[in-house]
Structures are given as C-alpha cells and as structure tokens.
Amino acid sequence: MTHQPTNAPARRLSARAPFGTTPAGEVVEQIELANAHGLRMSVLSYGGVIRTLHLPDRAGAFVDVALGYDTLDGYLTDTAYLGALVGRVANRIRAGRMTVEGRPLTLAQNADGNHLHGGMRGFDKAVWRMEPFERDDAAGVVLSHVSPDGDEGYPGTLRVEVTYTLDDGNRLHVDYRATSDAVTPVNLTQHGYFNLHGAGRGDILDHELTLNASRFTPVDDALIPTGELRPVAGTPFDFTTPHRIGARIGQADEQLRLGRGYDHNFVIDPRDGDDLALAARLTEPHSGRGVDVYTTEPGIQFYSGNFLDGSAVGKGGHPYRYRTGLALETQHFPDAPNHPEFPSILLRPGAEYRTSTIYHFVVRP
Ligand code: GLA
C-alpha cells in the first residue's frame, strides 16, 4: 500500500535543547518530535520522559494531554512516575524477593517493604543517551541506558534501548530491547498519564475505556496479585465493552477498595495471528480525543490516578489532584517471579528482550 502524499512538517525534529542539570551534574536534554498532522511530543533524556503530547479534538484544537512538569526539578522530586520509562521491573515485587534459578535475590524495597518500579533509582531517574532520527514518514529518538551489575539489587549488566517513533499515521511506536550478561528479571513499561481534556483540566472519570481483557489479576492489600486470574464478567472490572471510568469506580467492591480505585493488571485476550493485540481503547467523549493501545505484552495495568493528591504541581502550575490522570501500562504481570504460573520475565544471556507497544491517537466522531 502506498501512502498518500502528506504535508510533511517543516521540521519533524526540534533542535535538542538543555532542560536542566541533575544534582550529579548530568546535563538533561529535551527534543520535540512532530508529524504531518501537527501532533507534537517532547521527550527528555531524564527518565526517557514523554513530557508533552499535543493531540487535536474534533475541531482541530490541540491540547497537551500528558501529565508532566515545567522544569527538571519537578521530575527530580516526582513520586508518580509521570511520563517516565520504568525498569528494570515495572510494578510490584513482594518484599523485593524472588528466587532466580535456585538463588535468592533481594531487590531494593522502596514501597512499604516491596519493590516498586525498579527501586529507589529506577530507569525513570536515569539520564539516558538520546539519539534523534528522521524518516520520510516519521521522526523519533533512540534512548539507551546501561544498568550496571547490582543496580537496585538486580544481577548482570543490562543494556536497554527504547525507541519512540511518531509517524504520520498518528501512531507512537515504543519499541523496547534489552540484553544482559547474567540472568535477570526485566519488565519494562512507559508510565505516561493521559488526561484527554488536557493535563490539568479536571479529572478523567468521564473518559470511556474499553479493555480487551476478560480476566484480571486481583490484588491483596499490598496491591500485589494473589495469583488468581479472575473473570471480569459481572464486576466493575468488565471493560470488554466501553464504560466511563467513573461509572462504577465508587461501587462497594472488594477489589476497588483494595486498589483505592482501579490499579490492576488486566490479562489481554490475544487474537490469533496478530503480533500486537489491541489492549485498550480510551475516549474523551466531549472532544473526541482518543487513543488505542496495541501491544505484544500479555498484560496492561490500568491505574486511575488514585495516589495523585494535588501535591505534584504540574505544567502551567496545575496541581495534579485525585484521578486527574490515568495510566495504561503495558507489561508482564506484576510479581511474576513469585508466580511460576504467570509468564516469565527472566532474560537470559544470549537472548534479547523485545517488546512493542503502539499508541494510536485518533479523533472519534
Ligand atoms: C503504578 C502503580 C500504582 C502507583 C503508581 C505510581 O501505576 O500501579 O500503584 O504506585 O504506579 O504512583
């Protein structure tokens, strides 16, 4: 199929610009990507953060839908992982403990005695190497990072590469690669928060969500999966047809209580023959802004921003209050190493970790 000629933007890539310096003296840069339809996003070398993402509504009015900060300081003190790449292992590992090929492994315990999102200084706090590139129909950046042996307790030197590609089909491709010289768990994700009204403009409870998942992994009071794969049918977790996020979030449901809302991993229903499965479909009905998420991953964490409490002051001075952003984190299941029945997240020397997620930005009628 040949592509229609497009109005290629004057510049697909901005010049890289300094964004600040970390306390350790590392210079952080920002670069902006644009496509033929006026979509724009900016990326930081700090945390591989997607700092801004400008999407149109039905009338063609663009707003920035990504929660984020105006300055590097915001990111240095952030505890919500706004827009960041997360690793080595996203989500929670109980007590930071697991057994890898018979050997016990203890990881940093940074969340109530558990391991969360890679530890004290996960990939969200690393300054990545950032190499921009341009093609006829896309622009992107390759982010690379070397996580040393023993990093946050993880074994082996892990070389990670994440590529963001924004194309003229209004798709953002996120391609993850990693190799290691020792067996290590790896489970990478992107922790962007969307608010399709525009970041800082109210809550996300009116957004309509579809999740292509007939099961989810219920959690205990530490927000860690119990191991059960539970059918969503007949519960407030049934998003197999579109539902407003706020429609059932207040129901007296044990899992909603434990999650303080939605903060759960959904088991994506694969479709034969597709490399990437449709995982989620999000729509803000008033503006028509929408995003469809496709992934090679078996799971997706739907987090309804329950820990946002207004203490993080975002772009333009807007405090990010309760449920004013939501995350859709494609991933392997949380605490996988402690659940042999879950798909494994172990990466072995000589093998390559490869996963892909696509965010397709759309305007719905
Ligand atoms: C993830 C987790 C949440 C919370 C946020 C960060 O999405 O699932 O429980 O820790 O990150 O605030």
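Which pocket is the space taken by the ligand?

Guide: Happy to. Keep in mind that this is a predicted model. The ligand takes up the space of the largest pocket. Around the ligand you'll find 13 residues, and the closest are Arg92, His117, His191, Asp263 and Glu329.

Start with His117: an N or O atom of its side chain is 2.9 Å from an oxygen atom of the ligand. Arg92 has a polar side-chain atom 3.0 Å from a ligand oxygen. Then there's Gln301, where a side-chain N or O atom and an oxygen atom of the ligand are 3.3 Å apart. As for how wrapped up the ligand is, on its own it has 300 Å² of accessible area, and the protein covers 95% of that.

You'll find Asn195 in the loop that runs between strands β17 (193–194) and β18 (208–211). Asn195 counts as buried because its relative accessibility is 0%, and the cut-off for buried is under 20%. The side chain of Asn195 also makes a polar contact of its own, reaching the backbone oxygen of Thr324 at 2.9 Å.

Notes:
Residues are numbered from 1 along each chain as its sequence is written. This is a predicted model: local features need pLDDT of at least 70, side-chain atom pairs count only at pLDDT 80 or more; totals for chains, interfaces and linings use all residues. Side-chain values use heavy atoms; hydrogens and water are left out. A residue is near a molecule or strand if one of its heavy atoms lies within 4 Å of it. A polar contact is a pair of N or O atoms within 3.5 Å; within protein, one must be able to donate a hydrogen and the other to accept it, and residues adjacent in sequence count only if both atoms are side-chain atoms. Accessible areas come from the Shrake-Rupley method with a 1.4 Å probe; for residues, only the protein chains shown count as cover. On a 1 Å grid over the protein atoms alone, a cavity is a set of points where a 1.4 Å probe fits but cannot get out, and a pocket is an open set with protein on both sides within 12 Å along at least five of seven lines; lining residues have an atom within 4 Å of a point. A molecule sits in a cavity or pocket if more than half of its atoms lie within 2 Å of its grid points. Helices (H or I, at least four residues) and strands (E, at least two) are DSSP runs, numbered from the N terminus. Buried means under 20% relative accessible area, exposed over 50%, partly exposed in between (1.4 Å probe, protein chains only).
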